[in-house]
Amino acid sequence: MSSTPDRQMALTLFCLPFGYHTDAWRHPESRAEELGQLEFTRDIVQAAERAKIHAVFFADSQDATSVRTGGNR
């Protein structure tokens with residue numbers, strides 16, 4: 001009888017540099033004013049590490065047009 005190999009899933013966190021929701025800054029715990037700061041990026045990566053995420057990808061973009069037009073849904 002053949003054995004089934006162990007299977008694993010690699011998890012990646014995909015982040016846009018300006019966030020995903022145009023009104024997220026309204027949330028009481030929002031850190032929108034910190035977008036683009038190294039400390040904020042560090043905190044995201046450390047949270048992903050604690051969650052056992054394998055990789056973090058930060059997309060590069062010039063503006064939030066796709067968020068405003070609903071392209072990231």
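Visitor: Why is the pairing of R26 and D23 called a salt bridge?
Guide: A salt bridge needs a side-chain nitrogen of Lys or Arg within 4 Å of a carboxyl oxygen of Asp or Glu. For the side chains of R26 and D23 the N to O figure is 3.9 Å, so the pair qualifies. Keep in mind that this is a predicted model, where local features need pLDDT of at least 70 and side-chain atom pairs count only at pLDDT 80 or more, while totals for chains, interfaces and linings use all residues. Residues are numbered from 1 along each chain as its sequence is written, and side-chain values use heavy atoms, with hydrogens and water left out.

Visitor: What makes R26 exposed or buried?
Guide: The cut-offs are on relative accessible area with a 1.4 Å probe, protein chains only: buried is under 20%, exposed is over 50%, and partly exposed is in between. R26 comes out at 58%, so R26 is exposed.

Visitor: How many salt bridges does the rule give?
Guide: The count is 4. One of them joins the side chains of R31 and E34, at 2.9 Å from N to O. Another has D43 with R42, where the closest N and O atoms are 3.1 Å apart. Shared partners tie R31, E34, R42 and D43 into one network.

Visitor: What are the secondary structure elements of the protein chain?
Guide: There are 2 helices and 2 strands, running β-α-β-α from the N terminus on. They are DSSP runs numbered from the N terminus, with helices being H or I of at least four residues and strands being E of at least two.

Visitor: How do you know that the span of helix 1 agrees with its 13 residues?
Guide: The expected span is 1.5 Å times one less than the number of residues. For the 13 residues of helix 1 that gives 18 Å, and the end C-alpha atoms are 18 Å apart, so the two agree.

Visitor: What makes K52 worth a mention after helix 1?
Guide: K52 follows helix 1 and has a positive phi, near 70°, in a residue other than glycine. Most residues other than glycine have a negative phi. K52 sits in the loop between helix 1 and strand 2, and at 64% relative accessibility K52 counts as exposed.

Visitor: Why is the pair of F14 and F57 called stacked?
Guide: A search of the whole structure finds 1 aromatic pair. The ring centres of F14 and F57 are 5.4 Å apart and the planes meet at 15°, so the pair is stacked. The rule takes rings of Phe, Tyr and Trp (its six-membered ring) with centres within 6.5 Å, and calls planes under 30 degrees apart stacked, over 60 edge-to-face and the rest tilted. The pair links distant parts of the chain, with F14 in strand 1 and F57 in strand 2 (residues 55-58), 43 residues apart. F14 is partly exposed at 42% relative accessibility, and F57 is partly exposed at 43%.

Visitor: Which residues does L11 touch?
Guide: Contact means heavy atoms within 4.5 Å. Leaving out residues up to four places away in sequence, L11 touches I53, H54 and A55. L11 lies in the segment before strand 1, and its C-alpha atom is 6.7 Å from that of A55, 44 residues away along the chain. Across the protein chain, 71% of contacts with a separation of 6 or more are between residues 24 or more positions apart.
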